[in-house]
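Hi,

Have a look at it first, then read on.

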Amino acid sequence: MDTAASPLPDEVEALRALLAAALERADDAEARLANARARERATEAMIAHLKVQIAKLRREQYGPSAERSRRLLDQMELQLEDLEADASEDNFAAEAAAARTTDVVAFERKRPSKKPFPEHLPRERVVIPAPCSCPACGGSRLSKLGEDVTETLEVIPRQWKVIQTVREKFSCRDCEKITQPPAPFHVVPRGWAGPSFLAMILFEKYGQHQPLNRQADRFAREGVPLSTSTLADQVGAAAFALMPLYRLIGAHVLAAGRLHGDDTTVPVMAKGKTDTARLWVYVRDDRPFAGSDPPAALFHYSRDRRGEHPRAHLASWAGVLQADAYGGYNELYAPGRQPAPVIEAGCFAHARRKFFELADVEAAARKKSRGERTGMIYPIALEAVQRLDAVFEVERGINGKRAAERCAVRQELSTPLIVDLHAWLTEQLAKLSRNHDLAKAINYMLRRWDAFTRFLDDGRICITNNAAERSLRCVPLGRKAWLFCGSDRGGQRAAVLYTLIQTARLNDVDPHAWLADVLARIAEHPISCLNELLPWNWQIKQA
């Protein structure tokens, strides 16, 4: 026997040890893969749960608890981001574990689909040099068959620059008169900030909710130290320059036959404390009934919530006002009001919310799990929510159609639902104590029944006041960032900038680009043609 062809005893033992170690590694890989799969499944389940909860929060209407709901939504979205990152990390860990053994198949997580990068982004083509010869045989007769392109999104850090505008002086040899071109225009008198920079400051503060002190810190880190007071001076001057557009938007809003109205709190600095002031909004949005007039939002500021403020805001206006049951609007609805009584239209979202709070099984379960006291879940409230949801379902099918079509469908489908709802609410109210929470929710509708049923005969009217509440959403978000207005003037300035930015957004116009172009043109633009700069008419000036 050829001893050289057979392994020695020591070699056999070594091979056995290697085989055992390989099997142990395979077992470890399988265990690691199993753990990674378990983590993957748990993470996927949590992601799915969070997505459902976020979708539910987005569908909920905005009301007295809007700020709490928004904070919860922000927290859940941050948690979802972390879980998505965890899932990706676990997936790569599973692939790495599977790669250590040939017997275990990797578990592939279904990753979120990525949309193609926008076509308008510039492309930089980087071609990897092709080999000069065939790696397999060394031949040099290579023929191109095609190419594979991998796109990677990259960003160029923001660049600052100082524009030097040189105005040369000339002296006439004949008359000795000195001539010089006029100084360049600045939207701020004796200003030093360019229009794009001014637009960035305004949009960051009022559109992205970044207070000036945080902007100043970021600018300093980028090598451009600017004090907060210097930036504030530019904000005030720019807001003054934009006031003509604010007035034009206000005139456009108050020319509507139907408005959405709402208000929210905004803290304002007082002597040694903060007071609770108000920001009011009036929204013109005819898109639900296929109206051709552009949408717009008009903001006002006041130090308190007295009814005199909406009366002053709408002093010369008459039409349909969609709002909540705030008593300050009541004088607008008075029969003898001049120039004409305002017509009230109720908000079904407010009415539904009162029943929903008494029928929220999930919220009660969460409170119970935390050991908190929970209220009762009332079957009457559950049925009320279901009946109101049927009305909402009809509205979803006619949103965006013409007023006449909406009215016809409502007469056919919604009227029977509303008639049954009124009879049912009246019947349930007779069974309840006057001070019962359900009785209060029912009375909220029955006492304003004419306002709630007005939509049946007017296709222009929406059944909710969501247009105003969506426009006001920017205020709670900003309130979390900049905490309070520094003064009443600051509140009024916020109303001006919110009007401009939210109106641009309603018209699908980039607020930053629009503000930059308007600030560059407004002083030299003929006042008779100022309408050309409004968001729905705006066209960027070609160089």
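Before the sheet, a word on terms: two strands pair if DSSP finds at least two bridges between them. Helices (H or I, at least four residues) and strands (E, at least two) are DSSP runs, numbered from the N terminus. With that in hand, strand 3 (residues 258-270) and strand 4 (residues 273-284) pair in the antiparallel sense over 11 bridges.

Two caveats. This is a predicted model, in which local features need pLDDT of at least 70 and side-chain atom pairs count only at pLDDT 80 or more, while totals for chains, interfaces and linings use all residues. Residues are numbered from 1 along each chain as its sequence is written, and side-chain values use heavy atoms, with hydrogens and water left out.

Overall, the chain has 17 helices and seven strands. Of its 543 residues, 40% count as buried (buried means under 20% relative accessible area, exposed over 50%, partly exposed in between, with a 1.4 Å probe and protein chains only). Taking contacts (heavy atoms within 4.5 Å) between residues at least 6 apart in sequence, 66% join residues at least 24 apart.

Which strands make up the open sheet, and in what order? There are five, in the order 5-4-3-6-7, with mixed pairing. Strand 5 and strand 7 (343-345) stand at the edges with a single partner strand each, so one side of each has no neighbour in the sheet. Neighbouring strands are turned by 30 degrees against each other on average, direction ignored (axes are lines fitted to C-alpha atoms, for helices over the stretch in contact, and angles run from 0 to 180 degrees between N-to-C directions).

Going through the pairs, Val268 stands opposite Asp275 in strand 4. Strand 4 also runs antiparallel to strand 5 (residues 296-302), joined by seven bridges, and there Trp280 has His300 as its bridge partner.

Gln322 is worth a click. This residue lies in strand 6 and counts as buried, at 1% relative accessibility. The Gln322 side chain reaches the backbone oxygen of Cys462 at 2.7 Å. That is a polar contact, meaning a pair of N or O atoms within 3.5 Å; within protein, one must be able to donate a hydrogen and the other to accept it, and residues adjacent in sequence count only if both atoms are side-chain atoms. Leaving aside residues up to four places away in sequence, Gln322 touches a set that includes Arg258, His260, Ala345, Ile461 and Thr464.

**A helix pair**

Helix 10 (residues 379-398) and helix 11 (residues 403-429) pack at about 170 degrees, with their axes 10 Å apart. The two are therefore roughly antiparallel (angles under 35 degrees count as roughly parallel, over 145 as roughly antiparallel, 65 to 115 as roughly perpendicular and the rest as oblique). Among the residues that meet are Ile380, Leu388 and Val394 from helix 10, and Leu413, Leu417 and Trp424 from helix 11.

- The peptide bond from Gln338 to Pro339 is cis, with omega near 10 degrees; Pro339 is in the loop between strand 6 and strand 7.
- Glu176 has a positive phi of about 65 degrees although it is not a glycine, and at 65% relative accessibility Glu176 counts as exposed.
- His209 likewise is not a glycine and has a positive phi of about 65 degrees, yet His209 is buried, with a relative accessible area of 13%.
- Asp510, in the loop between helix 16 (488-506) and helix 17 (511-521), is partly exposed at 45% relative accessibility. Its side chain reaches the backbone nitrogen of His512 at 3.2 Å.

Cheers
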